[in-house]
Number of protein chains: 2
Amino acid sequence: MRTELSTRLGLDHAIFGFTPFPAVAAAISRAGGLGVLGAVRYGAADELACDLDWLDAHTDGRPYGLDVVMPAKKVDGVSVTDIEAMIPEGHRAFVQETLAKHGVPELAPDDRADWRITGWMEQVARSQLDVAFDYPIKLLANALGSPPADVIRRAHDHGILVAALAGSARHAKHHQDAGIDIVVAQGYEAGGHTGEITTMVLTPEIVAAVDPLPVLAAGGIGSGEQVAAGLALGAQGVWLGSVWLTTTEAELHSSALTRKLLTAGSGDTVRSRALTGKPARQLRTEWTDAWDDPSGPDPLPMPLQGLLVADAVSRIQKYEVEPLLGTPVGQIVGRMTEERSVQAVVDDLTRGFERTIARINRIAGRSV
Amino acid sequence: MRTELSTRLGLDHAIFGFTPFPAVAAAISRAGGLGVLGAVRYGAADELACDLDWLDAHTDGRPYGLDVVMPAKKVDGVSVTDIEAMIPEGHRAFVQETLAKHGVPELAPDDRADWRITGWMEQVARSQLDVAFDYPIKLLANALGSPPADVIRRAHDHGILVAALAGSARHAKHHQDAGIDIVVAQGYEAGGHTGEITTMVLTPEIVAAVDPLPVLAAGGIGSGEQVAAGLALGAQGVWLGSVWLTTTEAELHSSALTRKLLTAGSGDTVRSRALTGKPARQLRTEWTDAWDDPSGPDPLPMPLQGLLVADAVSRIQKYEVEPLLGTPVGQIVGRMTEERSVQAVVDDLTRGFERTIARINRIAGRSV
C-alpha cells in the first residue's frame with residue numbers, strides 16, 4: 001500500500017497513526033506506518049523531550065511525526081492566568097455541582113492533573129517546537145488552523161513536512177495558501193474536533209480543492225475496507241486516531257475507560273463542546289449530557305472551556321467515575337471490540353486492504 | 001461494475017437510482033442501472049398507474065423498481081382527517097406567520113398541492129402496491145421501517161426483491177428478521193431521513209450484521225471515486241438519490257430550486273425535522289431555520305408535521321419563494337454544479353470508477 005507521499009516518507013504502508021502515547025507511536029512506526037505523537041498533553045517542554053528521547057530510541061530507525069496544537073488566532077501577551085480570570089463563576093459552580101452529584105473526589109494536593117490542554121497555548125506549543133526540531137521528526141501536524149508562517153519555514157528548513165487538519169474545502173485551501181504540505185481531511189465521524197461534512201464527501205472535495213497537495217483521509221477508518229475506501233476517495237494515505245486507544249500499548253491507565261470503549265457502539269459518541277469549547281466527537285457520557293442539556297450553561301469558547309474543565313476531567317479519570325468517564329473517539333469505536341497489539345491492528349488493516357482490492361477487482365471485472 | 005446482486009437483477013452497473021421522476025427512473029434503467037421510482041408523491045393509485053405505464057414503456061425492457069413509504073407502525077382505522085385534528089392550533093399559526101413574513105401567496109382553489117405525503121399513510125401505500133404488482137417491477141424498496149409480512153410475501157410471490165433503508169445495524173437486523181432481501185445502508189450524509197452514523201462507518205457495520213444479505217451503500221455518493229469507496233466498504237451496489245435532482249430529465253418545475261442546488265456547497269444542508277417530523281437532510285433554508293429556532297415551536301412527530309406543512313411547502317414551491325425554497329438532498333449537493341443528462345451522470349460514475357480502480361491497483365502494487 002504505497003503512494004507518492006508514503007514513499008517520500010519511507011513508509012511501508014500509507015497509514016498515519018495519531019496517538020497521545022509514545023509506546024503506540026513507536027509501535028505504529030515499527031509496523032511500517034507513521035506514528036504521530038500528540039503533544040497537547042505535555043505542559044512542559046522537558047516532559048516532551050523525555051518522551052521524544054524514548055520514542056526515537058524505540059522506532060528502529062523508522063520515521064515518526066509530532067502533532068502540536070497551535071491556536072488559529074494568536075493572542076499576544078495573554079497568560080493562562082488572564083484566561084482563567086475570564087471564566088464566569090456560574091460555570092465554575094456548574095462544574096462543581098456536576099462533580100458533587102456523582103461524588104467525584106478531589107485530587108490530592110500533590111497529584112498532577114493528567115488531562116491538560118495547556119499545549120493549546122501558543123507559547124507552550126512554541127516551546128514544544130523548540131524541543132521537537134532537535135529530533136529527526138518527518139512530519140509536523142497541526143490540529144487547529146494553519147501553523148504560523150515562521151513555524152512552517154522552520155519545519156521546511158529541517159526537511160519536515162507540515163500537515164494540517166481541515167473539516168471543509170475552504171479551510172483546506174486556507175492551509176494551502178499558508179504553505180503547508182499535506183491536508184488531513186477530517187470527517188464528521190472522526191474523533192476530536194470535526195466539522196459537519198463526512199469523510200465520504202469531504203475527502204474528494206479537499207483533494208480537488210488543494211490539488212496537487214497530498215490529502216490524508218481521516219474519520220471512520222478502522223478496517224482494511226475503510227482504508228481502501230479512503231484511498232479510493234483520492235487520498236494518498238489514511239489518518240487513524242481512535243483505533244489505537246484499545247491497543248495493548250495504549251496507556252489509558254483506566255480499565256473502566258478501556259471497557260467502555262470496547263463495549264461502545266458506533267452510536268455511542270456525540271459531537272459536543274463540553275471538552276474544549278469547539279465541537280469535538282467523544283464518548284457520550286453523563287458529563288457531555290450535562291453540558292448539552294439546554295437547561296444548563298452553554299460551554300464556553302475555546303480555550304476557556306478546556307481550562308474550566310481540566311481539573312474536573314482529571315478527577316473523573318483518576319477515580320474512574322464511570323457515568324462521567326469519556327474520551328475523544330470517533331464513530332469507529334463500534335468496531336473496537338477487543339484489545340490487540342498495534343502490530344495486530346496494522347496487520348488487520350493491510351490484510352483487509354488486500355482482500356478488498358481483490359474483491360473490488362472482481363466487481364470491476366479485472367483479474368489480477 | 002457487477003456484483004452478485006446486480007447480475008441477479010440484470011443490470012450493467014451496480015448503480016441504484018432513487019428518484020421521484022419517471023423520466024429520470026427510465027433514463028437510469030436505460031443507462032444500465034436500476035431506476036427506482038419514489039411513490040410517496042402519488043396520492044391516488046391511478047396517478048401512479050399512469051406514470052408506471054409511461055415508465056414501463058420507456059425503459060427499453062430494462063429492469064426498474066418502486067419505492068413506497070410504509071410506516072413502521074400501523075394505526076388501524078385512523079384517517080387523514082383524524083390525524084389532521086391532532087395538529088395544535090399554535091403550530092398552524094406558526095406556519096401561517098412564517099409564510100406571511102415572506103409574502104407567500106395562497107394556492108388558487110383549483111391548484112393541486114404538489115408536495116404531498118399522503119403516500120405515507122399505510123392505506124395509501126397499500127393501494128399503490130395493488131397497482132404496482134401489476135407491473136414487472138424487480139425491486140420494491142421501503143423507506144421507513146420493514147414492510148409488513150404480507151407485503152413481503154406478495155412481493156416474493158411476484159419474484160420481486162424487497163429492500164429497506166436502515167440507519168443503524170440494529171435497524172438492519174430488524175429488517176433481516178422481517179424477511180427482506182436487501183438492506184440500503186443510509187449514512188448521515190444522505191438526503192432525506194438519516195441517522196447519525198456516516199456511510200463510511202455504517203456500511204461495513206451493516207454488511208457484517210446482516211451477512212449474507214446484500215447491502216447497498218447510500219449517502220455521499222456522486223462520483224466514481226465514491227462508488228468505488230461504497231463498494232470497497234462491502235456493499236453490492238450503491239444507492240444514489242440526490243445527484244439526479246439536477247439532471248436534465250428531472251421535473252423540479254422550478255429554475256430557482258435548480259439554481260439553489262447547483263450553487264449549494266456540501267455545508268449548505270441540514271438534518272431537520274421541519275419537513276416530516278423525523279430528521280431528514282435537506283437544503284438549509286429560512287424555513288428549516290424557523291423550525292430549528294429554539295424560540296419557535298418544535299416540529300410535530302411524523303406524520304403530523306408532514307400534514308401540517310404540506311400546503312405551505314406546495315405554496316413555497318409553486319411561487320418559488322427563494323429564501324424558503326428547499327428540497328431533501330444530501331451533502332453531495334456540493335458536487336452537483338451543472339445540469340447534465342442522466343446518461344452523462346452514469347457515464348461519469350462508471351468512468352470515474354474505472355479510473356479509481358486503476359489508481360488503487362497502483363497503490364496496492366498490482367498491475368492489471
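In chain A, 22 residues of domain 1 touch 19 residues of domain 2, contact meaning heavy atoms within 4.5 Å. The model is predicted, so local features need pLDDT of at least 70 and side-chain atom pairs count only at pLDDT 80 or more, while totals for chains, interfaces and linings use all residues. Residues are numbered from 1 along each chain as its sequence is written, and side-chain values use heavy atoms, with hydrogens and water left out.

**Domains of chain A**
- Domain 1 covers 1-71 + 121-244 + 345-368 and domain 2 covers 79-114 + 252-337, with bounds from an automatic or database domain assignment.
- Their C-alpha centres are 26 Å apart.
- About 1,600 Å² is buried between domain 1 and domain 2 of chain A, carbon and sulfur atoms giving 58% of that area; buried area is the accessible area (1.4 Å probe) that two parts lose on being put together, summed over both.

**Interface of chains A and B**
- Chain A and chain B each bring 47 residues to the contact.
- The two chains bury about 3,600 Å² between them, 59% of it on carbon and sulfur atoms.
- Of the area that chain A buries against chain B, 18% comes from A:Met200, A:Ile363 and A:Arg366, more than from any other three residues.

**Helix pair across the interface**
- A:Gln226, A:Ala229 and A:Gly230 of α10(A) meet B:Met200, B:Val201 and B:Pro204 of α9(B).

Conventions
Chains lettered and ligands numbered in written order. Helix = DSSP H or I, 4+ residues; strand = E, 2+ residues; numbered from the N terminus.
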